[in-house]
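Welcome! Take a moment to look over the sequence and the model below, and then we will walk through some of its parts together.

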Amino acid sequence: MTQLISGYTNLIAHIGWPTGSFKAPMIFNPYFEQEGIDTLVVPMGCKGEDYPGFFKSLFQLQNIIGALITMPHKVSTVAMLDEVSTAVQVCGACNAVRKEADGRLVGDMFDGQGFVRGLARKGRPAQGASALVIGSGGVGSAIAFAMAETGVGRLALYDNRPEVMEQLASRLQQFFPTLPIQLGSNDPSRFEIVVNATPMGMEPGDPLPIEVGRISPTAMVGEVVMKQEETPFVLAARERGCLTQIGTDMLFEQIPAYLEFLRLPTTSAENLRSLSHIRYQ
């Protein structure tokens with residue numbers, strides 16, 4: 001990249017820990033360079049115990065316009081915001097922050113929107129379908145919310161922390177009272193869409209999140225892990241005959257919405273793909 005940084009450059013922080021799986025800078029920054037947008041996404045590694053103080057100090061910078069939030073900070077960010085979207089209220093998590101002119105911080109959540117857009121692009125829309133979402137953390141909550149908002153026919157949630165799963169179901173029912181929600185089973189049979197929304201797959205030797213042999217070969221299988229392009233879960237599902245969606249598909253689909261949220265010129269997912277410099281290590 002030859003993008004020059006000047007005293008006029010605006011910053012978007014990409015905050016999380018560890019940062020090795022971050023792909024957003026390799027998508028946003030080539031686009032900004034191509035379009036002559038004097039803005040830069042900068043990865044910032046911050047551990048949980050340091051995050052509240054760091055977050056507060058970060059937004060005292062005069063040239064920061066927002067932040068992309070990832071693990072493990074999506075949930076703890078919510079309490080530090082001045083205004084949040086309905087998606088954040090339901091998910092209890094946030095992955096995008098915008099700084100207003102008066103210094104107020106506004107939060108939204110785009111993981112689910114990106115995931116559902118990706119499904120539709122592949123010809124498997126969530127509307128009317130039966131879906132199982134494994135993991136009820138920040139990204140799992142966002143995907144569940146987006147599916148409910150899109151009109152999923154039947155939704156099942158599973159998390160090895162029952163209280164987290166139950167809290168998500170309760171929040172969803174407040175906004176979608178007629179949606180059938182099943183809790184507590186990770187059996188993927190009889191579902192048209194199966195999603196791994198856990199971190200399993202980030203590290204070598206991680207177990208598969210569910211028993212792939214029980215997934216219908218006609219199901220759509222989605223992944224959120226981005227550290228590698230094709231996780232063992234995706235490879236196993238594809239070998240079974242399933243159509244799959246990798247983690248970066250979700251990212252490409254949500255970045256146009258991120259750009260709109262940050263009040264920057266937006267573009268298409270296809271254009272972002274053509275300009276990106278994704279690397280997997």
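Which glycine follows α1, and is its phi positive or negative? Helix α1 is followed by glycine 36, whose phi is positive, near 70 degrees. Before going on, please note that this is a predicted model, in which local features need pLDDT of at least 70 and side-chain atom pairs count only at pLDDT 80 or more, while totals for chains, interfaces and linings use all residues. Residues are numbered from 1 along each chain as its sequence is written, and side-chain values use heavy atoms, with hydrogens and water left out. The names of helices (H or I, at least four residues) and strands (E, at least two) come from DSSP runs, numbered from the N terminus.

Helix α1 is mostly covered, with 8 of its 11 residues buried. Here buried means under 20% relative accessible area, exposed means over 50%, and partly exposed lies in between (1.4 Å probe, protein chains only). The buried residues of α1 include Pro25, Ile27, Phe28 and Tyr31. Among the elements that cover the buried residues of α1 are β1, β2, β3, α8 and α9, where contact means heavy atoms within 4.5 Å.

Helix α1 (residues 25-35) also belongs to a right-handed β-α-β unit, together with β1 and β2. A crossover is right-handed if, with the strands pointing away from the viewer, the path from the first strand over the helix to the second runs clockwise.

**Two enclosed strands**

Strand β1 (residues 10-16) has 6 of its 7 residues buried, so β1 is largely enclosed by the rest of the structure. For strand β7, 5 of the 5 residues are buried, so β7 is also largely enclosed by the rest of the structure. In a regular strand the side chains alternate between the two faces of the sheet. In β7 both faces are covered: Ser130, Leu132 and Ile134 are buried on one side, and Ala131 and Val133 are buried on the other.

Now for the partners of these strands. Two strands pair if DSSP finds at least two bridges between them.

| Strands | Sense | Bridges | Residues opposite each other |
|---|---|---|---|
| β1 and β2 (residues 39-45) | parallel | 7 bridges | alanine 13 and valine 42 |
| β1 and β3 (residues 64-69) | parallel | 5 bridges | isoleucine 15 and isoleucine 69 |
| β7 and β8 (residues 154-158) | parallel | 5 bridges | leucine 132 and alanine 156 |

Strand β7 is also joined to β10 (residues 193-196), which runs parallel to it, by 4 bridges. In β10, isoleucine 193 is the bridge partner of alanine 131. Strand β7, helix α5 and strand β8 make a right-handed β-α-β unit.

**A serine after β7**

Find serine 136 in the loop between β7 (130-134) and α5 (138-150). Is serine 136 buried or exposed? Serine 136 has a relative accessible area of 3%, so it counts as buried. Leaving aside its neighbours within four places in sequence, serine 136 is in contact with residues including Leu157, Tyr158, Asp159 and Arg161.

**Aromatic rings**

How many aromatic pairs does the structure hold? The structure holds 8 aromatic pairs. One of them joins phenylalanine 55 and phenylalanine 59: the ring centres are 5.1 Å apart and the planes are at 55 degrees, so the pair is tilted. Rings of Phe, Tyr and Trp (its six-membered ring) pair if their centres lie within 6.5 Å; planes under 30 degrees apart count as stacked, over 60 as edge-to-face and the rest as tilted. Both phenylalanine 55 and phenylalanine 59 are buried.

Ring pairs also link Phe28, Tyr31, Phe32, Phe110, Tyr258 and Phe261 into a cluster. The charged end of arginine 98 sits over the ring of phenylalanine 261, 4.7 Å from its centre. This wording applies if NZ of Lys or CZ of Arg is within 6 Å of the ring centre and within 35 degrees of the ring normal.

**Backbone details**

A cis peptide bond joins tryptophan 17 and proline 18, with omega about -5 degrees, and proline 18 is in the loop between β1 and α1. Another cis peptide bond joins methionine 71 and proline 72, with omega about 5 degrees; proline 72 is in the loop between β3 and β4 (83-84).

Arginine 190 has a positive phi of about 70 degrees although it is not a glycine. Arginine 190 lies in the loop between β9 (181-183) and β10 and is exposed, with a relative accessible area of 66%.
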